[in-house]
Amino acid sequence: MDKLVEMIAKSLVDHPEAVQVTRREEDDRVVIELSVDPSDTGKVIGKSGRIAKAIRTVVKAASINDEKRVVVDIL
C-alpha cells in the first residue's frame, strides 16, 4: 500500500522528491501518512478534498482482502 500511495502522490505534485510515505500499524488498522512539500499540499488534497478522497478510495479498494483497515492521513 505504501508504494501505491507514493506513486499516486508523486504523479500529482511538482516536487516528487519531497514526497514521504510512512506506515504505522495499530491494533486493528494500518495508518499510512503522506507528507508532501507545503506548496504541493493543495494538489494532493484537491478542490473540496476530492483528490484526497479518491486516493483513500483507491487504497481502500486495493486493501479489500487485508484483515486490517487502511487509513491514509495527509500531513
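Here are some friendly notes on this predicted model, point by point.

1. **Ground rules.** Residues are numbered from 1 along each chain as its sequence is written, and side-chain values use heavy atoms, without hydrogens and water. Because the model is predicted, local features need pLDDT of at least 70 and side-chain atom pairs count only at pLDDT 80 or more, while totals for chains, interfaces and linings use all residues.

2. **The core.** The largest nonpolar core has 14 residues, and V5, V19, L34, V36, V44, I55 and V59 touch the most other members. Such a core is a set of buried Ala, Val, Leu, Ile, Met, Phe, Trp, Tyr and Cys residues joined through side-chain atoms within 4.5 Å. Buried means under 20% relative accessible area, exposed over 50%, and partly exposed in between (1.4 Å probe, protein chains only). Helix 1 (2-12), strand 2 (29-35), helix 3 (50-62) and strand 3 (69-74) each give two or more residues to this core. Helices (H or I, at least four residues) and strands (E, at least two) are DSSP runs, numbered from the N terminus.

3. **V19 and its partners.** Leaving aside residues up to four places away in sequence, V19 touches E6, A9, K10, V13, L34, S35 and V36; contact means heavy atoms within 4.5 Å.

4. **Two helices side by side.** How do helix 1 and helix 3 run relative to each other? They pack at an angle of about 155°, with axes 10 Å apart, and are therefore roughly antiparallel. Axes are lines fitted to C-alpha atoms, for helices over the stretch in contact, and angles run from 0 to 180 degrees between N-to-C directions. Under 35 degrees counts as roughly parallel, over 145 as roughly antiparallel, 65 to 115 as roughly perpendicular and the rest as oblique.

5. **Who meets whom.** From helix 1, L4, V5, I8 and L12 meet I51, I55, V58, V59 and A62 of helix 3. By class, this contact has nine nonpolar, no polar and no charged residues. Ala, Val, Leu, Ile, Met, Phe, Trp, Tyr, Cys and Pro count as nonpolar, Asp, Glu, Lys and Arg as charged, and the others, Gly among them, as polar.

6. **A backbone detail.** Most residues other than glycine have a negative phi. S48 is not a glycine, yet has a positive phi of about 60°. S48 sits in the loop between helix 2 (41-45) and helix 3 and is exposed, at 73% relative accessible area.

7. **K43.** Lying in helix 2, K43 is partly exposed at 34% relative accessibility.
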